[in-house]
Amino acid sequence: MRPFLTSLITAATVITAAAFSVGDGTAIAAADSGASESVAEDYHAAVDVIADYWAQQAPEMFGIDYEPPTVRGVIDPGDATACGPMPEMNAIYCPRDHSVQFGSDYLELADSIGDVIVYDVVAHEWGHAILAQVPSSLVEDPQELQAECLAGGALGDLARDGVIVVEDGDLEEVVKLFRYSDAPGDAHGTAEQQALAFAAGWRQGPAACFE
Ligand SMILES: [Zn+2]
């Protein structure tokens, strides 16, 4: 396991307050046991709201014929994807078949960290699927922080629209997640860079990710 993930788990007690829920207030709190069930619920809810969000926003925002990624679901490490075996503790956007897939072990982190991670991971991979379709002149290289910005942008807009509800916490608590995911040299950037990218999108929507 990568060190920063261990740190994330250690930090879980700090972050349990960050809970997202969908709809009119049925809380889906990570603190509830029956954990895997709750992760699955969060996963499906996250895919639903992110898919709807981009189906509505992408054509207008980017002037493109938006093609949603194929959602290949939650798979186990080692399972085949069009981009090779699923790595441990990861989620993938695969450009070869324009698909997203999520490692079961990775999403299970929600049991200890909080369900916010499920929303963030789904929104992040979807961000890559968006970046694959916008004019390449708009896409940063590496695109990780831009994908994280788009995750914040989509989730921020969804929160503003009342589609998702951030409970018992706010942006600070979301941002705490990144303080423990510092991986120097990783294309995803340092914790601070990730937090700033997420926060820029969260506050201003996806347009902030193309400035
Ligand atoms: Zn990424």
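**Close-up views: zinc site, disulfides and salt bridges**

His124 and His128 sit four residues apart in helix α6 (residues 116-131), so about one helical turn separates them. Helices (H or I, at least four residues) and strands (E, at least two) are DSSP runs, numbered from the N terminus. Everything shown here comes from a predicted model, in which local features need pLDDT of at least 70, side-chain atom pairs count only at pLDDT 80 or more, and totals for chains, interfaces and linings use all residues. Residues are numbered from 1 along each chain as its sequence is written, and side-chain values use heavy atoms, with hydrogens and water left out.

**View A. The zinc ion and its protein donors.** Let's stay with the two histidines. The zinc ion has His124 (NE2), His128 (NE2) and Glu144 (OE) as its protein donors, at 1.9 to 2.0 Å. Donors here are N, O and S atoms within 2.8 Å of the metal (3.2 Å for Na, K and Ca); water is not among the atoms, so sites may look incomplete. Along the sequence, the donor residues follow the spacing H-x3-H-x15-E. His124 is buried, at 5% relative accessible area, and His128 is buried too, at 7%. For these labels, buried means under 20% relative accessible area, exposed over 50%, and partly exposed in between (1.4 Å probe, protein chains only).

**View B. The disulfide of Cys83 and Cys94.** A disulfide is a pair of cysteine sulfur atoms within 2.5 Å, and by this rule there are two. In this view the sulfur atoms of Cys83 and Cys94 lie 2.0 Å apart. The link of Cys83 and Cys94 is right-handed, with 85° about the S-S bond. Cys83 belongs to the loop between β3 (80-81) and β4 (84-85) and Cys94 to strand β5, so the bond ties together parts that are 11 residues apart in sequence. Cys83 is partly exposed at 31%, whereas Cys94 is buried at 0% relative accessible area.

**View C. The disulfide of Cys149 and Cys209.** Here Cys149 is joined to Cys209, with an S to S distance of 2.1 Å. This link is left-handed, with -85° about the S-S bond. Cys149 lies in helix α7 and Cys209 in the segment after α9 (191-204), so the pair connects parts that are 60 residues apart in sequence. Both Cys149 and Cys209 are buried. With bonded cysteines counted along the chain, the disulfides follow the pattern 1-2, 3-4.

**View D. The salt bridge of Asp97 and Arg72.** A salt bridge is a side-chain nitrogen of Lys or Arg within 4 Å of a carboxyl oxygen of Asp or Glu, and a search of the whole structure finds two. For Asp97 and Arg72, the closest N and O atoms are 2.9 Å apart. Asp97 lies in the loop between β5 (91-94) and β6 (99-103) and Arg72 in strand β2 (residues 70-75), so the pair ties together parts that are 25 residues apart in sequence. Asp97 is partly exposed at 22% relative accessible area, as is Arg72 at 44%.

**View E. The salt bridge of Arg160 and Asp157.** The side chains of Arg160 and Asp157 meet at 2.9 Å, N to O. Both residues lie in helix α7 (residues 144-160), three residues apart, about one turn of the helix. Arg160 is partly exposed at 45% relative accessibility, while Asp157 is buried at 16%.
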